[in-house]
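Trainee: Could you take one part of this model and look at it closely with me? After that, please connect it to the rest.

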Amino acid sequence: MTRLRVRRRLAAWMAVLAIVAHSAAALAADGAVALVGATVIDGTGRAPVPNGVVVVDDGRFVAVGRAGEVAIPAGAKIIDASGDYVIPGLMDANVHLLLDIEIEPLIKYEGRYGDLIIEAAQVALRNGVTTVFDTWGPRDALLRAQTRIGDGEAVGSRFFFAGNIIGFDGPFSGDFFRSSMLSEQFAKRINDEWEQGVGQDLLWRTPDEVRKRVRDYIHNGHVDFIKYASSGHTHEQYLAFSPETQRAIVQEGHKAGLVVDVHSTSVESLRLAVNAGADVMQHCDYTGIEPIPATTLRKIVDEHVACAAFFVTDAYYQWTQSHDIRENFSEIEKVHRQNDEALIKAGAVIALATDAGILRPQAASNPALASMLKGVPDTPTSLSDSEFLWFKAASELGMKPMDALVAATRNVARAYKRSKDLGTIERGKRADLVVLTANPLRSPDNYRAIRMVMKDGLLVDRDHLPIRHFLTRP
């Protein structure tokens, strides 16, 4: 290794250590911290508390309430947040921390996918998203990155992951980007990192065979929840698994104590997944050219099924109506908007979901992606601002501001059965919060007015995130 490379590597590690040290030391972790004077919007849906006090100690909220009603421990570090607004750390029910699955990055960074995952987790954290749920990615690389963040070796948004979408093949397959330019050996090696024995060949199997493979997948490697395909990907409309097989998958997940997500993109795949007992309906608002039937919508509402809804802004929607970039695209987006309005009006349990990740700037030169990247307003799947655009879209769709905030916090935590620790500013929960300089209930744009982000009771040095640039611009 050359001296220049050694110096660069040392400089990179020094940067990492500096950020970790700064984040850990910023709030003097050996004592309590009290934020005082802000309006506290705790994520429960209750009315905001003006002139509030939030006390944090040992990484958790220990007291929350109005000034004069909350005792501040002696010696606590005081942060004056007068005039600010405190909300829970935001949560995203559907991200892909490794989204750029083109040939170049998967070759260039093979063996280092964890670095890309951490970079994406840092972009999310910078924007106040303290917890995300990764619903498709390379299981082992996700586990390594999750461990690095959990152990304090790396800074990043807390994340939980499912690994592969059961019933889908890997990046270099017909489900995503098949390529004749790759060797069969390389394509198989990469695909195997995603598939882990639960790829598309399961579509040939009996319910009992699928049940066994899902059981093996859960027990032979760590996952935090599972996700299966009830339908094909967006460009292939088929029903992936029979009703019996879907029930078998859901039963195996629940037997292991896991939440079960489902990928659906049609009215029938959605209906089958709801009937199978899946917990979280990913992009439930996408049903092709047919809107959600009234009976299915009623079942979703009555049974409090979590609907991870993929809201898009008016600007993006109008663009889709004049750019029919693939078959039925404009009509599908029209029905998508109709579904969102119906879900909000019916009172469905909506969870913020963006399907977002990071694509290299060069991705716009890929013919398969150019039509979705060049000149598109408010691109909804860019992790750099996807949550902000979701709030804007929610407002444009007529969702009440408080309901939108709850959808981005408490509802996500409940959907994934993590509400004991996450989702609201309440005593005993992990101290994840965002301090805003403007009222988010007045305008969705105010979610961008971030003064500080706290995760596990520690302030985040947002100005230095991401620490290392692989897919993002420096």
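Mentor: Start with the side chain of threonine 265. It reaches the backbone oxygen of glycine 232 at 3.5 Å. Keep in mind that this is a predicted model. Where does threonine 265 sit? It is found in a loop, between strand E11 (260–263) and helix H8 (267–276). Is threonine 265 buried or exposed? Its relative accessibility is 6%. Buried means under 20%, so threonine 265 counts as buried.

Now step back to the chain. Of its 474 residues, 57% count as buried. The chain has 15 helices and 17 strands. Take the contacts in the chain with a separation of 6 or more: residues 24 or more positions apart account for 75% of them. The C-alpha trace spans about 65 × 65 × 45 Å along its principal axes. How does the radius of gyration fit a compact globule? With 474 residues, such a globule would have a value near 23 Å, and the chain has 22 Å, so the two agree. The accessible surface is about 19900 Å². Carbon and sulfur atoms make up 50% of that surface.

Next, look at strands. Strands of a sheet pair through backbone hydrogen bonds, either parallel or antiparallel. Take E1, residues 33–40. It is mostly covered, with 8 of its 8 residues buried. Which strands pair with E1? One is E4 (residues 77–80), which runs parallel to E1 and is joined to it by 4 bridges. Another is E2 (residues 49–57), antiparallel to E1 over 6 bridges. Alanine 34 shows both pairings. Its bridge partner in E4 is isoleucine 78. In E2 it stands opposite valine 55. E1 also pairs with E5 (residues 85–88), in the parallel sense over 2 bridges. There, threonine 39 has tyrosine 85 as its bridge partner.

Move on to an open sheet of 3 strands. Its order is E6-E7-E8, and the pairing is parallel. Why is one side of E6 and of E8 left without a neighbour in the sheet? Strand E6 (90–95) and strand E8 (158–161) stand at the edges, and each has a single partner strand, so one side of each has no neighbour there. The twist averages 15° from one strand to the next. E6 and E7 (residues 129–134) share 4 bridges. In one of these strands, E7, valine 132 is the bridge partner of aspartate 92. Helix H4 (residues 139–150) lies across E7 and E8. Its direction is at about 155° to E8.

Finish with E16, residues 450–455. Here 5 of the 6 residues are buried, so this strand is largely enclosed by the rest of the structure. E15 (residues 433–436) pairs with E16 in the antiparallel sense, over 4 bridges. Leucine 436 stands opposite isoleucine 450 in that pairing. E16 is also antiparallel to E17 (residues 458–459), over 2 bridges. Methionine 454 faces leucine 459 of E17 as its opposite residue.

Definitions and conventions: Residues are numbered from 1 along each chain as its sequence is written. This is a predicted model: local features need pLDDT of at least 70, side-chain atom pairs count only at pLDDT 80 or more; totals for chains, interfaces and linings use all residues. Side-chain values use heavy atoms; hydrogens and water are left out. Buried means under 20% relative accessible area, exposed over 50%, partly exposed in between (1.4 Å probe, protein chains only). Two strands pair if DSSP finds at least two bridges between them. Axes are lines fitted to C-alpha atoms, for helices over the stretch in contact, and angles run from 0 to 180 degrees between N-to-C directions. Contact means heavy atoms within 4.5 Å. The radius of gyration is taken over C-alpha atoms; the globule rule is 2.2 Å times the number of residues to the power 0.38. Accessible areas come from the Shrake-Rupley method with a 1.4 Å probe; for residues, only the protein chains shown count as cover. A polar contact is a pair of N or O atoms within 3.5 Å; within protein, one must be able to donate a hydrogen and the other to accept it, and residues adjacent in sequence count only if both atoms are side-chain atoms.
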